[in-house]
Amino acid sequence: MRTVEISEEPIRLGQFLKLAALAEDGAHAKELIEDGEVHVNGAVELRRGAQLRAGDVVVVGTDEVRISVRP
């Protein structure tokens, strides 16, 4: 599992997918979410605007990413 730092929380799921390089762009992020391929803290997340915070774990396929906030 890798960690991706954000500058402040919360961050929207669609934005985080792009930041963490789990999606190529916004359209790809939307497609992944709509297809049920994105899990947040072990549950399928279907809302692109879902608010993520430090400690949340996002999984797409075999990529697993934990969110942290820059001090």
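Modeller: Not counting residues up to four places away in sequence, Glu45 touches Leu13, Ile33, Val38, Val40 and Ala50; contact here means heavy atoms within 4.5 Å. Before going further, note that this is a predicted model, in which local features need pLDDT of at least 70 and side-chain atom pairs count only at pLDDT 80 or more, while totals for chains, interfaces and linings use all residues. Residues are numbered from 1 along each chain as its sequence is written, and side-chain values use heavy atoms, with hydrogens and water left out.

Glu45 sits in the loop between strand E4 (43-44) and strand E5 (51-52). Strands (E, at least two residues) and helices (H or I, at least four) are DSSP runs, numbered from the N terminus. With a relative accessible area of 13%, Glu45 is buried. The classes are buried for under 20% relative accessible area, exposed for over 50% and partly exposed in between, with a 1.4 Å probe and protein chains only.

The side chain of Glu45 also makes a polar contact with the side chain of Arg47, at 2.8 Å. A polar contact is a pair of N or O atoms within 3.5 Å; within protein, one must be able to donate a hydrogen and the other to accept it, and residues adjacent in sequence count only if both atoms are side-chain atoms. These two side chains meet in a salt bridge as well (2.8 Å, N to O). A salt bridge is a side-chain nitrogen of Lys or Arg within 4 Å of a carboxyl oxygen of Asp or Glu. While Glu45 is buried, Arg47 counts as exposed at 53% relative accessibility.

One of the residues that Glu45 touches is Val38. Leaving aside its neighbours within four places in sequence, Val38 is in contact with Leu13, Leu17, Leu32, Ile33, Ala43, Val44, Glu45, Val58, Val59 and Val60. Val38 is also among the residues with the most contacts inside the largest nonpolar core, which has 20 residues; the others named there are Leu13, Phe16, Leu17, Leu22, Leu52 and Val58. Two or more residues of this core come from each of strand E1 (2-6), helix H1 (13-19), helix H2 (26-34), strand E3 (38-40), strand E6 (57-60) and strand E7 (63-69). A nonpolar core is a set of buried Ala, Val, Leu, Ile, Met, Phe, Trp, Tyr and Cys residues joined through side-chain atoms within 4.5 Å. In soluble globular proteins, nonpolar side chains tend to be buried together.

Several of these strands belong to a sheet. It is an open sheet of 5 strands in the order E1-E7-E6-E3-E4, with mixed pairing. E1 and E4 stand at the edges, each with a single partner strand, so one side of each has no neighbour in the sheet. Two strands pair if DSSP finds at least two bridges between them.

E1 and E7 run parallel and are joined by 5 bridges. Along this pair, Val4 stands opposite Ile67 in E7, and Ile6 has Val69 as its bridge partner. E6 and E7, in contrast, pair in the antiparallel sense over 4 bridges, with Val58 opposite Val65 in E7. E6 and E7 form a hairpin with 2 residues between them, and Gly61 in the turn has a positive phi of about 60°.

The structure holds 2 salt bridges. Besides the pair of Arg47 and Glu45, Arg70 forms a salt bridge with Glu5, the closest N and O atoms being 3.6 Å apart. Arg70 lies in the segment after E7 and Glu5 in strand E1, so this pair ties together parts that are 65 residues apart in sequence. Arg70 counts as partly exposed at 45% relative accessibility, and Glu5 is partly exposed at 40%.

In the loop between E3 and E4, Asn41 has a phi near 55°, a positive value in a residue other than glycine. Asn41 is partly exposed, with a relative accessible area of 46%. In the loop between H1 and H2, Ala21 has a positive phi too, near 60°. Ala21 is exposed, at 62% relative accessible area. Lastly, Pro10 lies in the loop between E1 and strand E2 (11-12), and a cis peptide bond, with omega about 0°, joins Glu9 and Pro10.
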